[in-house]
Amino acid sequence: MNGLKILAQVIWVISIFLVSYLSLMPRIDLPQTFSGTDKIAHFLAYFWLSAIPFFGFSEIKRAVKAALWMIGLGIGLEFGQLWVPGRQLSFFDMVANSAGVTLGILLMRDVVRPHLMGR
């Protein structure tokens, strides 16, 4: 395994811990200039979490499986928020998380990764 793949895996694990920590800490208010800022943050975070495995795993199937696990992470963390002061379970956050993962997989698998691999 080369150094860049290891680095991508380390960044991915750190990112998972960071998203988990931010999801399970008491509510913080994001500066909002328009409605939906929270959903965009959810979408982008899970897009990131689903894109990184494509740099960290040589096999495309492993990268897709790792990225798909992020949907479960997002759903699990939303349920975990039931026990965090000031937080609540949100179906729409789950949708934003899952949409970010889906787009991340589709872009990385079909657009970015083929160019990285010279195909």
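These legends describe close-up views of a predicted model.

**View 1. Helix H1 packs alongside helix H4.**
H1 covers residues 3-24, and H4 covers residues 60-80. Their axes come within 10 Å and cross at roughly 20°. Angles under 35 degrees count as roughly parallel, so H1 is roughly parallel to H4. The crossing of the two helices is right-handed.

**View 2. Residues of H1 and H4 form a contact.**
On the H1 side, look for Trp12, Ile16, Val19, Ser20, Ser23 and Leu24. H4 supplies Ala66, Met70, Leu73, Leu77 and Gly80. Sorted by class, eight of these residues are nonpolar and three are polar. No charged residue takes part in this contact.

**View 3. Helix H2 crosses helix H4.**
H2 spans residues 37-51. It packs against H4 at an angle of about 140°, and the axes are 8 Å apart. This crossing is right-handed.

**View 4. Residues of H2 meet residues of H4.**
H2 brings His42, Tyr46, Leu49 and Ser50. Facing them in H4 are Ala67, Met70, Leu73, Gly74, Leu77 and Glu78. The class count is six nonpolar, three polar and one charged.

Now find Met108. Val64 and Met108 are 44 residues apart in sequence. In space, they are 9.3 Å apart, C-alpha to C-alpha.

Technical notes: Residues are numbered from 1 along each chain as its sequence is written. This is a predicted model: local features need pLDDT of at least 70, side-chain atom pairs count only at pLDDT 80 or more; totals for chains, interfaces and linings use all residues. Side-chain values use heavy atoms; hydrogens and water are left out. Axes are lines fitted to C-alpha atoms, for helices over the stretch in contact, and angles run from 0 to 180 degrees between N-to-C directions. Helices (H or I, at least four residues) and strands (E, at least two) are DSSP runs, numbered from the N terminus. Angles under 35 degrees count as roughly parallel, over 145 as roughly antiparallel, 65 to 115 as roughly perpendicular and the rest as oblique. A crossing is left-handed if the near helix is turned anticlockwise from the far one by less than a right angle, and right-handed if clockwise. Contact means heavy atoms within 4.5 Å. Ala, Val, Leu, Ile, Met, Phe, Trp, Tyr, Cys and Pro count as nonpolar, Asp, Glu, Lys and Arg as charged, and the others, Gly among them, as polar.
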